[in-house]
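Subject: Structure handover

Hello,

Here is the structure I promised to pass on. Please open it alongside this email.

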Amino acid sequence: PTRRASVRAAAAGAPIRHFVDGLHAYMLEARADELRQLAVDAPVRRPTTTEFAAGPPSVDEVLRTLVEDCVVSPLLEAFQKTLARDFGGGRAEAALKKERAALRDAAPVALGLHPGLASREPWSAAIDALSGLDACALPSQQLAVVVEAARCVHEAHASLVEAGGEPAPPSCLAADEFLPVFIYCVVHADDSRNFLLARATLWALADPAELQAEPGYYLTMFDAALEYVASGDARKDAAKGGGGPG
C-alpha cells in the first residue's frame, strides 16, 4: 500500500515538479551572475530544529528554494487537499496518532531496537527534529528535516559505540538496526504532527534528484516506519514481546 500511495503521489505532483525543474534550469543558466551574488548577499537557511553540519547553501540550493517558494507555496494548500483524499485525510492521521499513542509505553526492545540501543535518551534529538516536520512550509525543508533526524540517529549511535557499555550496541547501524530506531522516533515525536500528509507531500513534490540519493533513502525509512505503525503491526508485535518489522 505504501508503494502504491507513493507512486500516486509522485504522479500527482509531476506537473508541478517539472515546472519547478524547468524554471530552475532556465534561471540557473540565464541569471548565473546575479544568483552567485544573491548567494553571498542573502543566503537561504534550511529551517530545522537543529543546526546542520553542512556549510552555507550553494547557488543551486538558493535558487531551488526561491523557485520552490514562488511556485509551490501558492499551490500547496489546495494540492495537499487532493493528496489527503487519496490517503484518507484527517481520519487516517487520527488513526496513526492513536497507534502511536498506544505504543508510547512500550519498551524500546518491543519496537525492535537492539538491546544495546534500547533507551530513550540517545534519540531525543532525532525525536525533536521529526517533531518539527510539518512546521516547515516547503517540501525541500521537510525533506531536510527527515535527513537531519537521520543524522541525529547516526550521531547518537556513534556516541553509544564510543561509550561502550553492556549490552554493547552494534558497531554498524545498518538498515535492520536503523529502522527500529526511526520507528521509535516516529512513535515519540510530537503528537500534533500530520506525518501522513508530510509523507505524501514529499513523495509528490520533493526534488527527484534528492529522492535518488541519500535523502530518498531516509524518506523511504520514514515511510516504512509510518506504515509499520499505521498498519497496527507495531502494536501487535509489541504485545507479543516485540521483534520489530520483519
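What follows is a short account of what was found in it.

First, a caution. This is a predicted model.

Overall make-up

The protein has eleven helices and zero strands. Along the sequence, the pattern reads α-α-α-α-α-α-α-α-α-α-α. There are 246 residues, and 46% of them are buried. Take the contacts between residues at least 6 apart in sequence: 80% of them join residues at least 24 apart.

Helix 6 and helix 10

Two packed helices are described by the angle between their axes and the distance between the axes. Helix 6 covers residues 139-163, and helix 10 covers residues 214-230. Their axes come within 9 Å and cross at roughly 85 degrees. Angles of 65 to 115 degrees count as roughly perpendicular, so helix 6 and helix 10 are roughly perpendicular to each other. Helix 6 makes the contact through Leu143, Val146, Val147, Ala150 and His154. Helix 10 brings Pro215, Tyr218, Leu219 and Phe222. By class, this contact of helix 6 with helix 10 has eight nonpolar residues, one polar residue and no charged residues.

Helix 5

Helix 5 spans residues 124-131. Which of its residues are buried? They are Ala126, Ile127, Ala129, Leu130 and Ser131. These buried residues pack against helix 6, helix 7 (175-188), helix 8 and helix 10.

Arginine 199

Arginine 199 sits in helix 8, residues 195-205. Is arginine 199 buried or exposed? Its relative accessible area is 10%. Buried means under 20%, so arginine 199 is buried. The side chain of arginine 199 also has a polar contact with the side chain of aspartate 223, at 3.0 Å.

Proline 115

Proline 115 lies in the loop between helix 4 (89-102) and helix 5. What does proline 115 touch, leaving aside its neighbours within four places in sequence? Proline 115 is in contact with Val109 and Pro167. Proline 170 is 55 residues from proline 115 in sequence. In space, the two are 9.2 Å apart, C-alpha to C-alpha.

Where to look

To see these points in the model, begin with the crossing of helix 6 and helix 10. Go on to the buried residues of helix 5, which pack against both of those helices. Then view the side chains of arginine 199 and aspartate 223. Finish at proline 115, in the loop between helix 4 and helix 5.

Best wishes

Technical notes. Residues numbered from 1 in each chain as written. Predicted model: local features only at pLDDT ≥ 70, side-chain atom pairs only at ≥ 80, totals over all residues. Heavy atoms only, no water. Axes fitted to C-alpha atoms, helices over the stretch in contact; angles between N-to-C directions. Helix = DSSP H or I, 4+ residues; strand = E, 2+ residues; numbered from the N terminus. Parallel < 35°, antiparallel > 145°, perpendicular 65-115°, else oblique. Contact = heavy atoms within 4.5 Å. Nonpolar A, V, L, I, M, F, W, Y, C, P; charged D, E, K, R; others polar. Buried < 20%, exposed > 50% of the residue type's maximum accessible area, 1.4 Å probe, protein only. Polar contact = N/O pair within 3.5 Å; in protein donor to acceptor, adjacent residues only side chain to side chain.
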